Amino acid sequence: MAHRDVVGGLTLCADQHGSSHRLAPTKRPVYTDEERARRDATVWTRVQAILAPFQFLVFLVSLGLVITALVTDSLHGAAAASVVAKTIVLYVIMVTGAIWEKVVFGQFLFAPSFFWEDVVSFGVIALHTAYLFVFFLGIGSPTSQLLIALAAYALYVVNAGQFLFKMVAAKRSDPALGKVAAAGGPA
């Protein structure tokens, strides 16, 4: 008899001796009926639905300030403050998103439906945290610090795209859905 484990949307298969491993895509709906009911019943879905666009707005303002600072060599203080604000919002959405994931899927992070989004979110958090580290310790020039922020922002855009793609997939599996389906929100 073969053994199967689902990890991040891939099925890991091994024969009865555990010697043959394969990766095969797993077709799992974003939400089971029970998960959808929990998602719709929890206040954390609304919290994520509010925080995700708010974070995106903070990101857009900050991105504008960071680019301005890099291009004009001015407004470094405003750009730095905006990156710190963006990072704080990121931490808040990550913590509340983990709570949402626990309520909906029964685990704080890396639920099968959001495994890869969570993996990339940790990269986003690592880069934002690296920015805070170099900024508050005064490591490097303001320009080099802001380049770390730009890298964090680039990965954030990838992560936001992942969540938007998941939201579309969830809406397709539930056409009657009239609210944010993949409320986990980008990190």
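Hi everyone, here is a short walk through one protein chain and a few of its features.

A word on the source: this is a predicted model, where local features need pLDDT of at least 70, side-chain atom pairs count only at pLDDT 80 or more, and totals for chains, interfaces and linings use all residues. Residues are numbered from 1 along each chain as its sequence is written, and side-chain values use heavy atoms, with hydrogens and water left out.

Let's start with the overall layout. The chain has five helices and three strands, taken as DSSP runs numbered from the N terminus (helices are H or I, at least four residues; strands are E, at least two). From the N terminus, the order is β-β-β-α-α-α-α-α.

Of the 187 residues, 40% are buried, meaning under 20% relative accessible area with a 1.4 Å probe and protein chains only; exposed is over 50%, and partly exposed lies in between. Among contacts (heavy atoms within 4.5 Å) with a separation of 6 or more, 62% join residues 24 or more positions apart.

Now, helix H3. Just after H3, Gly106 takes a positive phi of about 85°.

Last stop: Trp116, which sits in helix H4, residues 115-137. Is Trp116 buried or partly exposed? Its relative accessibility is 44%, so Trp116 counts as partly exposed.
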